[in-house]
Amino acid sequence: ARRRAREAARDLVAAIEANPAIRKLAVNPLLLSIIALVHRYRATLPKRRVDLYAECVDVLLGHWDEAKGLAGRLSPGEKRAVLQRLGHRPGGRPGP
């Protein structure tokens with residue numbers, strides 16, 4: 001298990017170092033943690049930043065509650081739809 005963890009850590013560091021756009025994001029501890037989650041669940045990192053952001057959202061919506069042992073009532077797709085609707089409202093407030 002430790003050997004696999006070391007290999008995964010080396011792969012993550014190599015993937016971050018190989019991509020200047022992702023390397024710039026990885027200086028932020030919160031983003032680095034999310035990038036590590038993406039790498040853990042996807043085994044690779046996307047090459048483009050926009051694709052990384054999409055993967056971050058997918059991993060967080062799909063695995064966050066699961067990792068905490070919380071049963072979700074909404075699927076990841078349903079969560080995304082709710083967040084998209086909130087994002088399109090002024091001030092992010094729910095409307096009628």
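**The overall picture**

First things first: this is a predicted model, not an experimental one. The mean pLDDT of the protein chain is 85, and 90% of its residues reach 70 or more. If you look helix by helix, helix 1 has the highest confidence with a mean of 94, while helix 5 has the lowest at 84.

What kind of elements will you find as you trace the chain? There are 5 helices and 0 strands, so the pattern along the sequence reads α-α-α-α-α. Of the 96 residues in the protein chain, 19% are buried. Now take the contacts with a separation of 6 or more: 29% of them are between residues 24 or more positions apart.

Turn the model until you can see helix 1 and helix 3 together. Their axes are 11 Å apart, and the two helices pack at an angle of about 115°. The crossing of helix 1 and helix 3 is right-handed. Which residues make the contact? Helix 1 brings A8, D11, L12 and I16, and helix 3 brings L32, I35, A36 and H39. Sort the residues of this contact by type and you get 6 nonpolar, 1 polar and 1 charged.

**Charged partners**

Next up, salt bridges. A search of the whole structure turns up 4 of them.

| Salt bridge | N to O distance |
|---|---|
| E7 and R3 | 3.2 Å |
| R42 and E55 | 2.4 Å |
| D58 and R80 | 2.2 Å |

Start with E7 and R3. Both sit in helix 1, and because they are 4 residues apart there, about one helical turn separates them.

Then find R42 and E55, whose side chains meet in a salt bridge. R42 lies in helix 3 (residues 29-42) and E55 in helix 4 (residues 49-67), so this pair ties together parts that are 13 residues apart in sequence. R42 is partly exposed at 34% relative accessible area, and E55 is partly exposed too, at 23%.

Finally, go to D58 and R80, another pair of side chains joined by a salt bridge. This pair links distant parts of the chain: D58 belongs to helix 4 and R80 to helix 5 (residues 76-87), 22 residues apart. D58 is partly exposed, with 30% relative accessibility. For R80 the relative accessible area is 28%, so R80 is partly exposed as well.

Now slide back to N19. Where does N19 sit? You'll spot N19 in the loop between helix 1 (2-17) and helix 2 (20-25). Is N19 buried or exposed? Its relative accessible area is 10%, and buried means under 20%, so N19 counts as buried. And what does N19 touch? Leaving aside neighbours within four places in sequence, N19 is in contact with P46 and K47.

Terms used:
Residues are numbered from 1 along each chain as its sequence is written. This is a predicted model: local features need pLDDT of at least 70, side-chain atom pairs count only at pLDDT 80 or more; totals for chains, interfaces and linings use all residues. Side-chain values use heavy atoms; hydrogens and water are left out. Buried means under 20% relative accessible area, exposed over 50%, partly exposed in between (1.4 Å probe, protein chains only). Contact means heavy atoms within 4.5 Å. Axes are lines fitted to C-alpha atoms, for helices over the stretch in contact, and angles run from 0 to 180 degrees between N-to-C directions. A crossing is left-handed if the near helix is turned anticlockwise from the far one by less than a right angle, and right-handed if clockwise. Ala, Val, Leu, Ile, Met, Phe, Trp, Tyr, Cys and Pro count as nonpolar, Asp, Glu, Lys and Arg as charged, and the others, Gly among them, as polar. pLDDT is the predictor's confidence in each residue, from 0 to 100.
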